[in-house]
Number of protein chains: 2
Amino acid sequence: MAKEDEVSNKQVILRDYITGFPKETDMDLTTETIKLKVPDGSKAILVKNLYLSCDPYMRSCMTKLEGKNYVPPFTPGSPITGVGVAKVVNSDHPNFEEGELVWGMTRWEEYTLITMVDRLFKIKDTDVPLSYHTGLLGMPGLTAYVGFYELCSPKRGENVFISAASGAVGQLVGQFAKITGCYVVGSAGSKEKVDLLKNKFGFDAAFNYKEEHDLDAALKRYFPEGIDIYFENVGGKMLDAVLLNMRVHGRISVCGMISQYNLEKPEGVHNLFCLITKQVRMEGFLVGNYFHLLPKYYDFVMPLIKEGKITYVEDTVEGLDNAPGALIGLFTGRNVGKQVVVVAYE
Amino acid sequence: MAKEDEVSNKQVILRDYITGFPKETDMDLTTETIKLKVPDGSKAILVKNLYLSCDPYMRSCMTKLEGKNYVPPFTPGSPITGVGVAKVVNSDHPNFEEGELVWGMTRWEEYTLITMVDRLFKIKDTDVPLSYHTGLLGMPGLTAYVGFYELCSPKRGENVFISAASGAVGQLVGQFAKITGCYVVGSAGSKEKVDLLKNKFGFDAAFNYKEEHDLDAALKRYFPEGIDIYFENVGGKMLDAVLLNMRVHGRISVCGMISQYNLEKPEGVHNLFCLITKQVRMEGFLVGNYFHLLPKYYDFVMPLIKEGKITYVEDTVEGLDNAPGALIGLFTGRNVGKQVVVVAYE
């Protein structure tokens, strides 16, 4: 029985580091108790988690590579860490007050004691859905903005191709590219997603990569004059086909390579010589180094949201019980749009 | 018997388009006759070829890819085209006079009638060896300058790695990098070349890639803190190993991939995900689009040459009879330094 002022706290725990495709059974659900009071003098805050974000990078935290993890790995036996939207329940930090809403790094549990508050952002604008801070107004939104505008310097009339285009990032890159006056084509892995790209996000065209035996031929069909900008989310065979179809002075923003994350050895990419013949620039980036651009991004995107010029599709599951399945679904393409876990609505 | 005012003209002819490794027998030596007089009104010039340049890109001209050659393919049955140093013998063009020295696109023969003179550069400075206009003061020199300075923005103290480092371009990149205050390591394919890198070009270190079973381990030995700038000349396995050793915000200038040019299918590169985790920029380029920087390059390099701060090693063969072997030698690593064919000394 919980003591007075303690509550039960359901958690999603990583059992142990994994190799290959993650499975639901790699995670455990447990319940602890937690005191809803921050220790005096700790400068910590205690939050109630509302929405949790499922992001592809989290796969890399499930494997420990000696000194090679580019984001810190999870700790087996402890709750998974990730981005979420939360409400401050108790605070010993001068900058945070009870009742305030924040987004940033939290843990996959009902209540979290956060001692490192420097990467938490306060949510001021509550006209938009709170969950958007896991996507459109969070890391995926900034990722789309940085990867498209900062790295690719798009110009009106250019040809833009986006893989995993209905995902948390891709759907935004496509809409940004349309707003910029580009011709935009996306690839995705189901008819439902392809319809979404064309009918909801306003892509000029879209195709289901699973139905194309020859990706090179598919790209030539949609880009007879070639691709100026490729927003890379998948890697592997798609990248190889894209390289054959880049235009002179093309740019490739390398955001992710989700098709490769669960392979023991990544696939080989054979057509890199095209970087020379087409004088292509290919650049990888991590959004974590671009948070200083968040105010600039909000200045750009908030008016678009309020004028109805940007739409955002989320795929939500309810409850921490369904969180492991939601995370794993990213790698089988189960989610349609940004995958969110609702822990509590308020 | 040649008519009066006609002379014999030895030529190197491509027999037919090839696949795989080129062989000497893919080229023929023939002798025609040529009139040493330009047709009136043709605006052409007639040159005597002195030095011819053997360049790796020429392999791509020996194969016809339907609409896909990034430089025009050779014409079977006609002399090979390439960069050379030549003397004007007769001119119907107002900008050129008999006796002037030029460098630029010519043909592998003793005398060439040049109708397209817009890509010929006059040689004004005869204090330096004439043959340098096939290398240090020609395309390879500008390639090294553009690929290193324009694409990689090097800073003092950065770690620079160069593959095929004793070649026409690599030896210059290494010396430029030392002048800029970088730590410089090169790879090459023989002890002789490695000695040259360390003892003549002033590289901090060098290794023979053929003696390294594990290129990743070799790079870790020379770059325990990683590589900031990679000047890519070879592709394939070396690129894969380099990707594992790049530092955050590293830059890769993709100049060539000579290890791949004779393969039916290029090798797969598996470690491109490192572009993301290390936020690396990788950019291909063709020097042909940077000739506007030639004056800037000469302003930079001429004083260095005259002060003895830049050295340049050439590998010369004498006579067109030896030209096919010299060209093929590029792909087996026979040449030590810039491969030049001497057709005539004046």
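How many helices and strands does the secondary structure of chain A come to? In this predicted model, the count for chain A is eight helices and 15 strands. The legends below take a few of them in turn.

**Figure 1. Chain A as a whole.** Let us start with the overall dimensions of chain A. Its C-alpha trace spans about 70 × 45 × 35 Å along the principal axes. The radius of gyration of chain A is 21 Å, which agrees with the value near 20 Å that a compact globule of 346 residues would have.

**Figure 2. An open sheet of 12 strands contains strands of both chain A and chain B.** Reading across the sheet, the order is β10(A)-β9(A)-β8(A)-β11(A)-β12(A)-β13(A)-β13(B)-β12(B)-β11(B)-β8(B)-β9(B)-β10(B), and the pairing is mixed. At the edges you will find β10 (205–208) of chain A and β10 (205–208) of chain B; each has a single partner strand, so one side of each is left without a neighbour in the sheet. From one strand to the next, the twist averages 15 degrees.

**Figure 3. Strand β12 of chain A pairs with β11(A) and with β13(A).** Five bridges link strand β11 (residues 227–232) to strand β12 (residues 246–254) of chain A in the parallel sense. Within the view, look for A:F231, which stands opposite A:S253 in β12(A). To get from β11(A) to β12(A), the chain passes through helix α5 (residues 236–243) of chain A, making a right-handed β-α-β crossover. Strand β13 (residues 281–284) of chain A also runs parallel to β12(A), and four bridges join the two. Here A:R251 is found opposite A:R281 in β13(A).

**Figure 4. In chain B, β11 and β12 run parallel.** Strand β11 (residues 227–232) of chain B is joined to strand β12 (residues 246–254) of chain B by five bridges. A handy residue to look for is B:I229, whose bridge partner in β12(B) is B:R251.

**Figure 5. Two helices lie across strands of the sheet, α4 in chain A and α2 in chain B.** Helix α4 (residues 215–222) of chain A lies across β8 (159–162), β9 (183–188), β10 and β11 of that chain. Its direction makes an angle of about 165 degrees with β10(A). In chain B, helix α2 (residues 170–179) lies across β8 (159–162), β9 (183–188) and β11. This helix runs at about 170 degrees to β8(B).

**Figure 6. Helices α2 and α7 of chain A pack against each other.** Helix α2 (residues 170–179) and helix α7 (residues 294–306) of chain A meet at an angle of about 80 degrees, and their axes are 13 Å apart. That angle makes α2(A) roughly perpendicular to α7(A). On the α2(A) side, the contact is formed by A:L172, A:F176 and A:I179; facing them in α7(A) are A:Y297, A:F300, A:V301 and A:L304. Which kinds of residue make up the contact of α2(A) with α7(A)? Seven are nonpolar, with no polar and no charged residues.

Figure 7. B:K43 is found in the loop between β2 (27–35) and β3 (45–53) of chain B. B:S153 sits in the loop between α1 (139–152) and β8 of chain B.

Methods:
Residues numbered from 1 in each chain as written. Chains lettered and ligands numbered in written order. Predicted model: local features only at pLDDT ≥ 70, side-chain atom pairs only at ≥ 80, totals over all residues. Heavy atoms only, no water. Axes fitted to C-alpha atoms, helices over the stretch in contact; angles between N-to-C directions. Parallel < 35°, antiparallel > 145°, perpendicular 65-115°, else oblique. Contact = heavy atoms within 4.5 Å. Nonpolar A, V, L, I, M, F, W, Y, C, P; charged D, E, K, R; others polar. Pairing = 2+ DSSP bridges. Right-handed = clockwise from strand over helix to strand, strands pointing away. Rg over C-alpha atoms; globule rule 2.2 N^0.38 Å.
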